[in-house]
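This briefing goes with the structure shown below. Please read the points beside the model.

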There are 2 protein chains.
Amino acid sequence: MRLLEFLKLSRRPPSAETAKQRLQVIIAHERTAGPAYDFLPLLQRELLEVIRKYVEVDPNKVKVDIDKGESISVLEVNIELPPGLPRSQLV
Amino acid sequence: MRLLEFLKLSRRPPSAETAKQRLQVIIAHERTAGPAYDFLPLLQRELLEVIRKYVEVDPNKVKVDIDKGESISVLEVNIELPPGLPRSQLV
């Protein structure tokens with residue numbers, strides 16, 4: 001199954017209330033050999049800063065999940081976007 | 001199925017040759033209502049810059065895929081990481 005299909009299937013059908021725009025950032029760090037370092041917390045904060053350069057991000061509309069497996073850790077950030085155009089198109 | 005399971009299942013079993021560390025960044029932009037703007041190219045370049053602050057990234061070891069669906073577009077960046085610790089732990 002392609003990633004696009006998985007992401008589509010894992011979404012609730014948009015009701016009128018949830019019919020918005022959403023950004024989902026997923027970072028998977030796979031460590032199969034050698035020293036393992038926890039990379040995800042480093043990236044999490046900076047990624048949000050990058051996204052904030054383009055869109056207003058309401059901290060209450062940001063959901064962060066970290067799932068740590070033996071050989072793979074996954075950081076998932078779900079952001080509900082405001083309607084309208086990103087900052088860069090406004091300037 | 002949880003995202004962590006999907007990501008594990010979608011990986012080839014690590015042979016000795018491929019037993020390295022890998023970073024996978026996925027950005028899904030879901031547009032259900034209102035004006036749609038293509039957000040992903042904006043983020044792609046900057047995300048790599050953020051990652052480069054922490055780890056040496058060999059451009060030949062970066063694979064970028066964009067998959068555009070009707071209501072959801074997905075950017076997938078796969079980076080094979082060098083062995084050893086990230087920059088931040090070296091300074």
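The model is predicted. Its largest nonpolar core has 36 residues, and 10 salt bridges occur over all chains.

**Nonpolar cores**

- Neighbours within four places in sequence aside, A:Ile27 contacts A:Leu40, A:Leu43, A:Leu47, A:Ser73, A:Val74 and A:Leu75 in chain A, and B:Leu23, B:Gln24 and B:Val25 in chain B.

**B:Val77**

- B:Val77 belongs to strand β3 (residues 72-81) of chain B.
- Its relative accessibility is 5%, so B:Val77 counts as buried.
- Not counting residues up to four places away in sequence, B:Val77 touches B:Leu23, B:Gln24, B:Val25, B:Leu48, B:Val62, B:Lys63 and B:Val64.
- One of these contacts, B:Lys63, is 14 residues from B:Val77 in sequence, with a C-alpha to C-alpha separation of 5.6 Å.

**Salt bridge within a helix**

- A:Glu49 and A:Arg52 form a salt bridge through their side chains, at 3.2 Å from N to O.
- Because the two residues are three apart in helix α2 of chain A, about one helical turn separates A:Glu49 from A:Arg52.
- A:Glu49 is partly exposed at 43% relative accessibility, and A:Arg52 is partly exposed at 27%.

**Salt bridge between chains**

- The closest N and O atoms of A:Lys53 and B:Glu46 are 2.9 Å apart, in a salt bridge.
- A:Lys53 sits in the loop between α2 and β2 (62-68) of chain A and B:Glu46 in helix α2 of chain B, so this pair joins two chains.
- A:Lys53 is partly exposed, at 48% relative accessibility, whereas B:Glu46 is buried, with a relative accessible area of 15%.

**Salt bridge between distant parts of chain A**

- A:Glu80 and A:Lys61 also form a salt bridge, with 3.8 Å between the closest N and O atoms.
- This pair links distant parts of the chain, 19 residues apart: A:Glu80 is in strand β3 of chain A, and A:Lys61 is in the loop between α2 and β2 of chain A.
- A:Glu80 has a relative accessible area of 25% and is partly exposed; A:Lys61 is partly exposed, with a relative accessible area of 38%.

Terms used
Residues are numbered from 1 along each chain as its sequence is written. Chains are lettered from A and ligands numbered from 1 in the order in which they are written. This is a predicted model: local features need pLDDT of at least 70, side-chain atom pairs count only at pLDDT 80 or more; totals for chains, interfaces and linings use all residues. Side-chain values use heavy atoms; hydrogens and water are left out. Helices (H or I, at least four residues) and strands (E, at least two) are DSSP runs, numbered from the N terminus. Buried means under 20% relative accessible area, exposed over 50%, partly exposed in between (1.4 Å probe, protein chains only). Contact means heavy atoms within 4.5 Å. A nonpolar core is a set of buried Ala, Val, Leu, Ile, Met, Phe, Trp, Tyr and Cys residues joined through side-chain atoms within 4.5 Å. A salt bridge is a side-chain nitrogen of Lys or Arg within 4 Å of a carboxyl oxygen of Asp or Glu.
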